[in-house]
Amino acid sequence: MSMTIDAHIHLDLYEEKRRSSLLQEAKRDNVAAVVAVSMHLASSKEVRTLSEKDPSFIIPAYGFHPEQPFPSEEESLELLDWMQQRYNAGEAFAIGEVGLPYYSRTEEEAEGALFDEKPYLMLLDRFSAMAAAWDRPIVLHAVYEDAEKAFRILQKHQVQTAHFHWFKGDDNIAEQLAAAGYYISVTPDVEYEPEIQHIVRNYPLELMMVETDGPWRFEGSCKGQETVPAMATKVIQTIAALKGLDTKKAAEIIAANTNRCYAKAKYQAEPKQ
């Protein structure tokens, strides 16, 4: 099978003593690269450090994960300024993980509480403006009705390259994302979740990637196991079966998709003189 790329993993959330062996095992198991996303400024700095140690393997993404308390204006500006400095220095990176707090919002609303999502919408707007201005891929946590909200913001800024990680949503928004040329990624839960299987059957393979979202753990054949990048290979096998395709061909297409999506976030070695 072609080399696999894990398009979404939280490397900095693994124990520090585990990270080196995790990456060594991934390379041994035919993983060509991973996209390491961030939770906030401290996480972004840690991901940057990890990427600097192995720049041809770790593609960094910097941002603020929406499923946590909203940062102060000072904290937001500090993160945005730090990202601007990285861009000004000519560094390669994506923007992410960013998006909207679907799970936090719906949990609070289910308990009868009011949830103000306006700050999250405004911050996503700022990240989207940066993605458009810098022509960098943006990694989105935006599911169900939040996917459409995020889509409108991306379209407002004419963002060219967007990745809706672990996408969940109805056929209508899926069709809009595909028409815009936006990517989605699929996790090991495609093995046992009918709604994800439906999305995979209908979304264009040419706009699909695979991920683990590690260290998040899964059920099915992955139950009870540590989530590792090589599990993305299992995802390809399931996608190929759902699409009625040869696994090797599906793997080649998915790897090409991921390289295309993250082309402007990847380290480029200096040409030899």
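## The largest pocket

Sorted by class, the residues lining the largest pocket are seven nonpolar, six polar and four charged. The structure you are looking at is a predicted model, so read what follows as a description of that model.

How much space lies in the largest pocket? It holds about 390 Å³. There are 17 residues in its lining, and those closest to the centre are His65, His141, Trp166, Asp213 and Trp216.

## The largest cavity

Rolling a probe the size of a water molecule over the atoms shows where empty space is left. Counting cavities of 30 Å³ or more gives one, and the largest cavity has about 50 Å³ of space.

Which residues line the largest cavity? They are Phe64, Pro66, Phe70, Val98, Gly99, Tyr120, Leu123, Leu124 and Phe127. By class, eight of the lining residues are nonpolar, one is polar and none is charged. Two elements, β4 (94-99) and α5 (118-134), each provide at least two residues of this lining. The biggest share comes from α5, which gives four residues.

## Helices α2 and α3

Let us turn to how helices sit against each other. Two packed helices are described by the angle between their axes and the distance between the axes. Helix α2 (residues 41-53) packs against helix α3 (residues 73-88) at an angle of about 25°, and their axes are 10 Å apart. Angles under 35 degrees count as roughly parallel, and therefore α2 and α3 are roughly parallel to each other.

On the α2 side, the contact is made by Leu41, Ser44, Lys45 and Arg48, while α3 brings Glu78, Leu79, Trp82 and Arg86. By class, this contact of α2 with α3 has three nonpolar residues, one polar and four charged.

## Helices α6 and α7

Here is a second pair to find. The axes of helix α6 (residues 145-157) and helix α7 (residues 171-179) cross at roughly 30° and come within 9 Å. It follows that α6 and α7 are therefore roughly parallel to each other. The crossing in which α6 passes α7 is left-handed.

Which residues make the contact between α6 and α7? From α6 come Ala147, Glu148 and Phe151, and from α7 come Asn172, Ile173, Gln176 and Leu177. Divided by class, the contact of α6 with α7 has four nonpolar residues, two polar and one charged.

Notes
Residues are numbered from 1 along each chain as its sequence is written. This is a predicted model: local features need pLDDT of at least 70, side-chain atom pairs count only at pLDDT 80 or more; totals for chains, interfaces and linings use all residues. Side-chain values use heavy atoms; hydrogens and water are left out. Axes are lines fitted to C-alpha atoms, for helices over the stretch in contact, and angles run from 0 to 180 degrees between N-to-C directions. Angles under 35 degrees count as roughly parallel, over 145 as roughly antiparallel, 65 to 115 as roughly perpendicular and the rest as oblique. A crossing is left-handed if the near helix is turned anticlockwise from the far one by less than a right angle, and right-handed if clockwise. Contact means heavy atoms within 4.5 Å. Ala, Val, Leu, Ile, Met, Phe, Trp, Tyr, Cys and Pro count as nonpolar, Asp, Glu, Lys and Arg as charged, and the others, Gly among them, as polar. On a 1 Å grid over the protein atoms alone, a cavity is a set of points where a 1.4 Å probe fits but cannot get out, and a pocket is an open set with protein on both sides within 12 Å along at least five of seven lines; lining residues have an atom within 4 Å of a point. Grid points are joined across faces, edges and corners, and a volume is the space filled by probe spheres set on the points.
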